[in-house]
Structures are given as C-alpha cells and as structure tokens.
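Biologist: I would like to learn how to read a sheet in a protein model, going strand by strand. Could you take me through one?

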Amino acid sequence: VGRKRRNTNGVDDDGLDSIIPEANFGSDDAGTDTCLRSSSALQCINVDDSLGGGSLLCDERTVSDLRNNAWSSSAKTQLAALRQLLDESIDVVRRCTPSLSPLLSRVRHGYDSNNDAYEAFCDGKRIVVNLYTYMPRLPTTAPCVAAALATAPKTLLHDFIVTVTHEIAHFLQPGAGHGPEWRDSHMAMLVEVMAMLGLKELPTASSSSS
C-alpha cells in the first residue's frame, strides 16, 4: 500500500453535501436492488501503482490483504486495468454531458470482497463502484495492464457507463428511487452516450461477445 493519491478534484468525502437525503433511502422503490443500500464498511486507503495508484475504498479483509502484500501480481493487474476502464467510462460520460462533471467527480473506486451482489451504490454523497464484481470479467493471465485491456470484453466499458449513469441518475432525481423520473434521466444520458459512440444501442455481455 503506497502513499500516492488519485486526484479527487479537491473533494473531501467527509465534507460532501448530501444530494439524496437519507430519509429517502427507505422508500426508494429499489426492490432487491442494492444500489441505494448499505455495503460493507469501507475504508479509504492509498495504493501504489501496481493497483492503479491513488485511493481505493476497501472492506476490512481487503485492506488487511493489501497491507500484507497477499495479492498476486495477476490480481493487481486485473484491478489496475478495471480502474483504468472505469476512469475511461467516466470520461466518456463527461465528454457527452460536461455539465455532469461535478457529479462525476463524486465517483469513487471501491473493492468490497464481502459483497458480489452490487456493482455500485450511491449513499447520497458519493457513488462507489464495486470493482470486485467485475474481476471475473478480465483474464487472470495478462502480464500487464495493457494486455489485460487488450483482451477485455468489448462490452466492459459499456457496462461501466451503464453503471455510472445509473447512479448519476439518482443524483439528478433525488428521492425518485427507480421510478419513471429516474428511468427517464438514466435513458437520456445513455442516448447521449450512444450518439457520441455511434451506437444504436449499448452492447451488453449477453448480446455481444468479446
């Protein structure tokens, strides 16, 4: 675990204003979806370049494993590649809709090895993407990040875009849960992304092969 810190645009998470009041979480119409639900207690740690540098929100077990250097080099490569893809997806959304930059600056890289049931969550102040759920999507034999990215499923970037815009839509429609206002906001962002990428629809893992 290193000291290098990823640029967070000068935002201190502890000082972030709540965009979605906590009182709305109980009636968010989320059903079994966990994107507005609790996760493991996550601790922010600084990591070295082998994991992508900067800061990472991790569960207690992962923090211990990283500090004890228990991760294999291939696992580190996978995570570093996923972090690069997530940053790329954020940049795509930002270029499509520059006005979303303040909200996109609230996206955080997370790794919750105790939970594979959620891909991201919004706690009213920030969005945390759980990269643990994406680890099986990358090869375990890539010798470096560039190789991992070269062999990554073509749908992975699109999946990150869907996840990020899904959570941003909660910021745009606080209190709307997964109702029609939230769905309209999410779809509007996806339409802009598809137009910029020249796609008729965003491919998914089930509709497009790697």
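Biologist: How many bridges join β2 to β3, and do these strands run parallel or antiparallel?

Modeller: Strands of a sheet pair through backbone hydrogen bonds, and the pairing can be parallel or antiparallel. In this predicted model, β2 and β3 run parallel and are joined by 2 bridges. Within that pairing, Leu-57 stands opposite Gly-110 in β3.

Biologist: What stands opposite Gly-110 in β5?

Modeller: There the residue is Asn-130, and the bridge partner of His-109 in β5 is Val-129.

Biologist: In which order do the strands of the whole sheet lie?

Modeller: The order is β1-β2-β3-β5-β4, an open sheet of 5 strands whose pairing is mixed. The edge strands, β1 (43–46) and β4 (120–122), each pair on one side only. On average, and with direction ignored, neighbouring strands are turned by 35° against each other.

Biologist: Which helices pack on the sheet, and which strands do they touch?

Modeller: Helix α1, residues 60–67, touches β1, β2 and β3, and its direction makes about 20° with that of β1. Helix α2, residues 73–96, touches β2, β3 and β5, and its direction makes about 160° with that of β3.

Biologist: Which residues of β3 are buried on each of its faces?

Modeller: In a regular strand the side chains alternate between the two faces of the sheet. For β3, Val-107, His-109 and Tyr-111 are buried on one side, while Arg-108 and Gly-110 are buried on the other, so that 5 of its 5 residues are buried, meaning under 20% relative accessible area.

Key:
Residues are numbered from 1 along each chain as its sequence is written. This is a predicted model: local features need pLDDT of at least 70, side-chain atom pairs count only at pLDDT 80 or more; totals for chains, interfaces and linings use all residues. Side-chain values use heavy atoms; hydrogens and water are left out. Two strands pair if DSSP finds at least two bridges between them. Helices (H or I, at least four residues) and strands (E, at least two) are DSSP runs, numbered from the N terminus. Axes are lines fitted to C-alpha atoms, for helices over the stretch in contact, and angles run from 0 to 180 degrees between N-to-C directions. Contact means heavy atoms within 4.5 Å. Buried means under 20% relative accessible area, exposed over 50%, partly exposed in between (1.4 Å probe, protein chains only).
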